[in-house]
Amino acid sequence: MSQETFDLVVIGSGPGGYVAAIRAAQLGLRTACVEKDPTLGGTCLNVGCIPSKALLESSERLVAARLHSAEHGIKIGSVELDLPTMLGRKDKIVKQLTGGVAGLLRKHKVHWAKGLGKIVAPDRVEVTGEATEVLQTKRILIATGSVPATIPGVAFDGDRIGHSTHALSYPAVPEHLIVIGAGVIGLELGSVWARLGAKVTVLEYMPTLLPMMDPDVSKVAAKLFAKQGLDIRLGVKVTGATRKGDSVEVAYAGADGQAQTITGDRVLVAVGRKPNTEGLGAEAVGVQLDRRGVIQVDAHYATAVPGIWAIGDVIPGPMLAHKAEEEGIAAVEGMAGLPGHVNYDAIPNIIYTHPEIASVGKTEPELKQAGVPFRKGSFPFLANARAKALGETDGLVKILAHAETDRVLGVHIIGPRAGDLIAEAAVAIEFSASAEDIARSVHAHPTLSEVVKEAALDAGGRVIHI
């Protein structure tokens with residue numbers, strides 16, 4: 001059994017963990033990063049954000065080739081799906097990026113401890129892999145991420161009934177894919193397989209689609225997804241799933257309370273994720289967890305145990321890779337005596353469907369509930385020259401600004417490149433900008449960003465191009 005001493009041991013190499021480890025090394029801390037999987041990058045790089053976006057891009061290009069080339073004057077002829085090649089491209093991208101993380105750790109002299117990490121004392125982590133390694137440390141940062149959540153009556157079999165990881169590598173396009181949950185994962189992967197030819201039925205417990213998004217955006221999204229062929233059934237409660245050969249029968253109570261069943265050849269359970277804290281040993285050394293396994297931390301990400309911090313999906317807040325990254329940097333900078341800080345009002349949330357959906361800041365219902373006076377402005381992509389040139393005119397940008405100070409409080413987008421456009425809004429909120437600031441900033445023409453400018457102009461009652 002080998003033993004080494006470090007200034008910081010990071011448990012988990014996802015976006016939060018590996019970024020924190022690199023920042024710690026930059027600050028002069030001798031750092032180790034523990035990872036149980038054979039590759040670095042955590043869920044995001046291996047079986048989450050990155051592979052799903054690769055499939056989203058490929059499936060969108062397939063639809064564009066089949067349905068939209070002719071309108072551009074491009075005659076293609078027969079367009080066929082080569083699923084093995086598409087999946088292989090996805091795997092190649094994952095391999096490149098996870099290998100890149102390994103290179104970054106080597107560059108910054110971060111020790112990669114390969115194996116399952118367990119906290120055995122506030123200053124000691126035991127790593128069990130091909131050999132057992134004990135890491136003596138001054139500090140521990142928990143960044144173990146999350147795992148797919150389950151629901152009663154639906155058990156994963158790793159084949160016909162699975163979670164998001166399985167849905168990234170189906171060997172063939174399902175004839176009928178039943179998705180349980182209309183959140184980010186369910187909508188993204190459901191739309192991938194729908195574009196590749198599957199009939200997709202989505203069963204959602206909530207009575208409205210995307211309740212965490214602004215209502216104006218959610219309404220547009222519901223219409224567009226229905227137009228794309230997704231059968232989304234709201235207000236239903238799934239009670240069980242039974243495999244019958246190569247089929248699965250899903251039982252659920254409809255919005256009217258009546259018992260119903262639906263049969264498909266694959267089921268994707270996408271009901272969210274839960275903190276990956278089981279078997280970590282954190283509770284045994286005094287770290288406080290709630291009943292869901294969420295680690296309780298203070299404003300500086302410190303747990304109740306001196307010397308142990310936690311970030312990312314294991315602590316309260318949205319489970320977003322970029323949130324984990326910023327928390328990791330803030331936590332490590334705090335350890336080094338620097339003023340690390342994360343502005344949670346300026347964290348974007350993006351759903352990479354087609355079109356994309358992006359949001360930052362407060363929604364209209366949140367502002368109304370809080371009694372905050374506001375005015376709003378919006379502008380459709382239909383009236384934007386660049387969107388017309390792209391052939392992507394669905395959606396809008398909506399800006400919420402304080403009625404008295406004009407400070408930007410929230411920005412909500414559904415439309416082409418929404419995930420990129422939201423960055424301007426996040427910066428605006430970070431710097432406490434006003435809608436007037438956005439409206440008076442020069443936006444290049446013709447670009448999609450002009451829709452953001454026009455929405456800001458509309459918030460001031462002087463929209464130009466509509």
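A crossing is left-handed if the near helix is turned anticlockwise from the far one by less than a right angle, and right-handed if clockwise. The structure treated here is a predicted model, in which local features need pLDDT of at least 70 and side-chain atom pairs count only at pLDDT 80 or more, while totals for chains, interfaces and linings use all residues. Residues are numbered from 1 along each chain as its sequence is written, and side-chain values use heavy atoms, with hydrogens and water left out.

**Exercise 1. Describe how α1 packs against α8, giving the angle, the axis distance and the handedness.**

Step 1. Helices are DSSP runs of H or I with at least four residues, numbered from the N terminus; here α1 covers residues 15–26 and α8 covers residues 321–335.

Step 2. With axes fitted to C-alpha atoms over the stretch in contact, and angles running from 0 to 180 degrees between N-to-C directions, the two helices pack at about 30 degrees with their axes 8 Å apart.

Step 3. Angles under 35 degrees count as roughly parallel, and α1 and α8 are therefore roughly parallel to each other; α1 passes α8 in a right-handed crossing.

Step 4. Counting contact as heavy atoms within 4.5 Å, P15, G16, V19, A20, R23 and A24 of α1 meet A321, A324, E325, G328, I329, V332 and E333 of α8. These contact residues comprise eight nonpolar, two polar and three charged, where Ala, Val, Leu, Ile, Met, Phe, Trp, Tyr, Cys and Pro count as nonpolar, Asp, Glu, Lys and Arg as charged, and the others, Gly among them, as polar.

**Exercise 2. Which angle and axis distance describe the packing of α3 and α4, and which residues make the contact?**

Step 1. The angle between α3 and α4 (residues 83–107) is about 145 degrees, and their axes lie 9 Å apart; the crossing is right-handed.

Step 2. From α3 the contact draws on I50, P51, A54, L55, S58 and S59, and from α4 on M86, L87, R89, K90, I93, V94 and L97, a set that divides into nine nonpolar, two polar and two charged residues.

**Exercise 3. Which helix gives the most to the lining of the second largest pocket?**

Step 1. The lining has 37 residues, of which E60, A64, H68, H354 and E392 lie nearest the pocket centre.

Step 2. Helices α3 (49–68), α6 (184–195), α7 (215–227) and α11 (418–430) each supply at least two lining residues, and α3 gives the most, with 11.

Step 3. By class, the lining has 13 nonpolar, 11 polar and 13 charged residues.

How values were computed: Angles under 35 degrees count as roughly parallel, over 145 as roughly antiparallel, 65 to 115 as roughly perpendicular and the rest as oblique. On a 1 Å grid over the protein atoms alone, a cavity is a set of points where a 1.4 Å probe fits but cannot get out, and a pocket is an open set with protein on both sides within 12 Å along at least five of seven lines; lining residues have an atom within 4 Å of a point.
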